[in-house]
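User: Can you walk me through this structure? I am new to this.
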Amino acid sequence: IFFVYLRKFILMRNIFKTLAFAGLVFLVSCGNNIEKSRLHFDKGMDYHYSSQFEEAVEQFNEAIKYQADNHEAYFYRGCAKYNMFQREEALQDYLKTIEINPDYLQAYFNLGLYYRSINDYDMACYYFKIAEAKGRPNMEDYTKHCR
């Protein structure tokens, strides 16, 4: 009888160890994984530069999945969407970029371009002036007609 209980105890202990290990693996795989995010981001950039925007968006989505605060992935996903004429979705990605990193100057510039494309010159000037004030070079052509 003693050996039966001992065997059950050892078996239960092994099950708990296995479950604990599986839980740890699950938690590690679900959190931020900067390396996987960077791999997908780099693939996305390759697609983006070869004008394969749908594939780029898929890779940037994966980069964001592995690192939710990857502001560059949001920014370039917005650029790819903008090039696919998904302008409202691009707008949301640019706004998310500056929410995560308020010093990412190119996002302000792209927001200005977005608003200029829909003929909202007040908002375009607003974002162009922020980009200029934060130090983005060569903004004079964009801000010279702003009030």
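Analyst: Start with a definition: helices (H or I, at least four residues) and strands (E, at least two) are DSSP runs, numbered from the N terminus. Along the sequence, the pattern here is α-α-α-α-α-α-α-α. This is a predicted model, where local features need pLDDT of at least 70 and side-chain atom pairs count only at pLDDT 80 or more, while totals for chains, interfaces and linings use all residues. Residues are numbered from 1 along each chain as its sequence is written, and side-chain values use heavy atoms, with hydrogens and water left out.

User: How many helices and strands is that?
Analyst: The chain has 8 helices and 0 strands.

User: What share of the residues is buried?
Analyst: Of the 147 residues in the chain, 36% are buried. Buried means under 20% relative accessible area, exposed over 50%, and partly exposed in between (1.4 Å probe, protein chains only).

User: Where is His 40, and why does it count as buried?
Analyst: His 40 sits in helix α2 (residues 34-49). His 40 counts as buried because its relative accessibility is 17%.

User: What does His 40 touch?
Analyst: Leaving out residues up to four places away in sequence, His 40 touches Gln 59, Glu 62, Ala 63 and Tyr 66. Contact means heavy atoms within 4.5 Å.

User: New topic. Which cysteines form a disulfide?
Analyst: Cys 125 and Cys 146 do, with sulfur atoms 2.0 Å apart; the cut-off for a disulfide is a pair of cysteine sulfur atoms within 2.5 Å. This pair links distant parts of the chain, 21 residues apart: Cys 125 is in helix α7 (residues 121-133) and Cys 146 in the segment after α8 (140-143).

User: Are those two buried or exposed?
Analyst: Both Cys 125 and Cys 146 are buried.
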